Every structure is written in structure tokens, then in C-alpha cells.
Amino acid sequence: MKDVILSYGELFCGSGGLSLGAMQAIAQNKTKRFKISHAWANDYDWDSCKTYTKNICPENSKIVICKDVRKLDINSLSKIDVFAYGFPCNDFSIVGEQKGFDGQFGPLYTYGVAVINRFKPKFFVAENVGGLKSANNGKAFEKVLSDLENSGNGYAITPHLYRAEDYGVPQTRHRIMIVGIEKKLNLKFKPP
């Protein structure tokens, strides 16, 4: 069986929860086994970047870029096949002011769209709070989905609200995961 290594990049990486799952994932068909290898990550919080480096890529700390995404030169990043980002939820959370796109953090999802347009990954995962669905009277969610679907080479989009308590996690944490797979691959993600 042949191993196929897919390079992985991430914005708003935090301490590495999405990356840890990605690095442990393996998919295979009759002839190939697909694995993910870390290429680069970005966050602006120093402690998160240190934790990420320790847990995800201790042998290569230089590929964790601790910088505000608004100052990040995406053209300087290495090519990726897979992309993930948990864009800031401050303005979408129901426990916050719910400013949506009118807030300071709401529009930051567009940096992920820019990465997708630049690198055209085979698939991506975008994560945010459940309040995204109701922000800006539901218009924010529609806009995010439309922008992601039409980015890169075009993606089949599957959004799903996951409730942590339904998976045995002892907390009430609801997150929307948006999975996009390049349309030309003719595949569809099916939420568990």
C-alpha cells in the first residue's frame, strides 16, 4: 500500500486541537493510505503558539508563525493540500455582544477564504460557535457558506452543528464545523 502525504496549514490554530486530530487521521482505499503532515500554522497568542509547537511540531518551531493574521503574508507560506481554521468567534457567540460582521473579529473569516483562494486545498475544515447561524439575522452564516463554496476551485460544502455532549464530552459546547471538499473530487462529507 502506498502512503500519500497531504500537507496541512492552519490559521487561528490556538493550542492545536484541530491539528492534533488531523495528524492522527488516516484514510485509505484499496491502493493508498492518506496521512496529513504539518506544513505551517498561525495564531497571534504567544502561549497558544508555544503549546501548539510543543504538541504538534516540537522538531520545527519555525513553522508556527506567531503573528496577527492581518499582518501575515500568505504568499510566503508553503503550499498545502489541506486547510483548517477556527476563525474568531467573539462576534458570533451568543454570550457576547453578537456584533457579527459589524464587530472587530467577525470579518476575520475572510483570511481563511484568502488562503483557500491562494492554495486551492483538496479539502478544508472551518470551525466556529453555534451562534454563527443567527449572527446578522442569519446573513453572516449564509455569507460565510457562500464565500467558502465559491473560493479556490469551488467546494462541496457540508455545515453541521456538533454538540459535544452527544459525543460523551462532559460539557455543553456547540460548534459548527464546515467541511469543504473540492467539487472536482466528486465526494461528499457525511457528518457522523
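1. Is Phe 92 buried or exposed? In this predicted model, Phe 92 counts as buried, because its relative accessibility is 0%. The residue is found in the loop between β5 (82-85) and α3.

2. The surroundings of Phe 92 deserve a description of their own. Leaving out residues up to four places away in sequence, Phe 92 touches Phe 87, Gly 100, Phe 101, Gly 106, Asn 128, Val 129, Gly 131, Leu 132, Ala 135 and Ala 140.

3. The next point concerns a pair of helices. Two packed helices are described by the angle between their axes and the distance between the axes. The pair here is helix α3 (residues 109-119) and helix α4 (residues 139-149), whose axes come within 10 Å and cross at roughly 10 degrees. Angles under 35 degrees count as roughly parallel, and α3 and α4 are therefore roughly parallel to each other. The crossing in which α3 passes α4 is right-handed.

4. Which residues of α3 and α4 meet? From α3 come Tyr 109, Val 113 and Ile 116, and from α4 come Lys 143, Val 144, Asp 147 and Leu 148.

5. Ser 19 lies in helix α1 (residues 17-24). With a relative accessible area of 0%, Ser 19 is buried. Apart from its neighbours within four places in sequence, Ser 19 is in contact with Tyr 8, Glu 10, Tyr 52 and Ile 56.

6. The cysteines form the last topic. A disulfide is a covalent bond between the sulfur atoms of two cysteines. How many disulfides does the structure hold? The number is zero. Cys 13 is in no disulfide, and its nearest cysteine sulfur, that of Cys 49, is 5.1 Å away. Cys 66 is likewise in no disulfide; for Cys 66 the nearest cysteine sulfur is also that of Cys 49, at 3.4 Å. Why are these residues in no disulfide? A disulfide requires sulfur atoms within 2.5 Å, and the nearest sulfur is 5.1 Å from that of Cys 13 and 3.4 Å from that of Cys 66.

7. Accessibility can be stated for both cysteines. Cys 13 counts as buried, at 4% relative accessibility, whereas Cys 66 is partly exposed, with a relative accessible area of 31%.

Notes. Residues are numbered from 1 along each chain as its sequence is written. This is a predicted model: local features need pLDDT of at least 70, side-chain atom pairs count only at pLDDT 80 or more; totals for chains, interfaces and linings use all residues. Side-chain values use heavy atoms; hydrogens and water are left out. Buried means under 20% relative accessible area, exposed over 50%, partly exposed in between (1.4 Å probe, protein chains only). Helices (H or I, at least four residues) and strands (E, at least two) are DSSP runs, numbered from the N terminus. Contact means heavy atoms within 4.5 Å. Axes are lines fitted to C-alpha atoms, for helices over the stretch in contact, and angles run from 0 to 180 degrees between N-to-C directions. Angles under 35 degrees count as roughly parallel, over 145 as roughly antiparallel, 65 to 115 as roughly perpendicular and the rest as oblique. A crossing is left-handed if the near helix is turned anticlockwise from the far one by less than a right angle, and right-handed if clockwise.
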